[in-house]
Amino acid sequence: MTRIAVYPGSFDPVTRGHADLIRRSLAFSDQVVVAVAVNVSKQPLFTLEERVALIRETVKVPNVEVRSFDGLLVDFAKQVGASILIRGLRAVSDFEYEFQMALMNRTLAPALETVFLVPAFDLTYLSSSLVREVARFGGDVSALVYPAVQQALKAKFKSLSGSKA
Ligand code: PNS
């Protein structure tokens, strides 16, 4: 039996923390489907195509597939035959939202098991929103994201500042 795990998120943009969790997920699953949400609650910095492309470019790991999804996560998980749902837990502040989401997903799809993973210690404080904020003001994010993402952030903020001028 092939164990398929879905790792969903906004990935705006993908960070070294996300890549760490993808690799960790392969310890107990045969295939990981990274599921990039089409509709994210806030206006994303990167388009869906950019978010997907950056993951494909930076996380080149066997048995990992990157796809986008629209609608309910549980429907996507069913469509790809996943039995595991991966989420990262960094701090206590993540817990309430993650707990609610896991219980809602269980109500919708009882056979889909949410597994929470703890990232590597040095990546615990990391989030895409912090990366965006630091990069927006020209800070060094090289320890937090892969070089291709760093370049993409620079290019994005340059084009945004140009379009405002
Ligand atoms: O990286 P994020 O923004 O924390 O990811 C949140 C995401 C995309 C996993 C969540 O919003 C989601 O699953 N959206 C799809 C719609 C859905 O199924 N919502 C109900 C979840 S309980």
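This is a predicted model: local features need pLDDT of at least 70, side-chain atom pairs count only at pLDDT 80 or more; totals for chains, interfaces and linings use all residues.
View 1. Ser10 places a polar side-chain atom 2.5 Å from an oxygen atom of the ligand. Arg87 brings in a polar side-chain atom, at 2.9 Å from an oxygen atom of the ligand. The protein buries 71% of the 550 Å² that the ligand exposes when taken alone (accessible areas come from the Shrake-Rupley method with a 1.4 Å probe; for residues, only the protein chains shown count as cover).

**View 2. The shell around the ligand.** There are 13 residues around the ligand, and Ser10, Leu72, Leu73, Arg87 and Met101 come nearest (a residue is near a molecule or strand if one of its heavy atoms lies within 4 Å of it). Sorted by class, this shell holds 8 nonpolar, 4 polar and 1 charged residues (Ala, Val, Leu, Ile, Met, Phe, Trp, Tyr, Cys and Pro count as nonpolar, Asp, Glu, Lys and Arg as charged, and the others, Gly among them, as polar). H4 provides the largest share of the shell, 4 residues (helices, H or I, have at least four residues and strands, E, at least two; both are DSSP runs numbered from the N terminus).

**View 3. The largest pocket.** Here is where the ligand sits (more than half of a molecule's atoms must lie within 2 Å of the grid points). On a 1 Å grid over the protein atoms alone, a pocket is an open set with protein on both sides within 12 Å along at least five of seven lines, a cavity is a set of points where a 1.4 Å probe fits but cannot get out, and lining residues have an atom within 4 Å of a point. The pocket has a volume of about 1200 Å³ (the space filled by probe spheres set on grid points joined across faces, edges and corners). Its lining counts 43 residues, with Gly9, Ser10, Phe11, Arg87 and Tyr97 nearest the centre. H4 gives the most to this lining, with 8 residues.

**View 4. The loop between S1 and H1.** Both Phe11 and Pro13 lie here. Phi of Phe11 is near 50°, a positive value in a residue other than glycine. The peptide bond from Asp12 to Pro13 is cis, with omega near 5°.

**View 5. The largest cavity.** About 40 Å³ of space lies inside. Its lining is made of Leu85, Arg87, Glu98, Met101, Ala102, Asn105, Thr114 and Phe116. By class, these are 4 nonpolar, 2 polar and 2 charged residues. H4 contributes the largest share of this lining, 4 residues.

Note on methods: Residues are numbered from 1 along each chain as its sequence is written. Side-chain values use heavy atoms; hydrogens and water are left out. A polar contact is a pair of N or O atoms within 3.5 Å; within protein, one must be able to donate a hydrogen and the other to accept it, and residues adjacent in sequence count only if both atoms are side-chain atoms.
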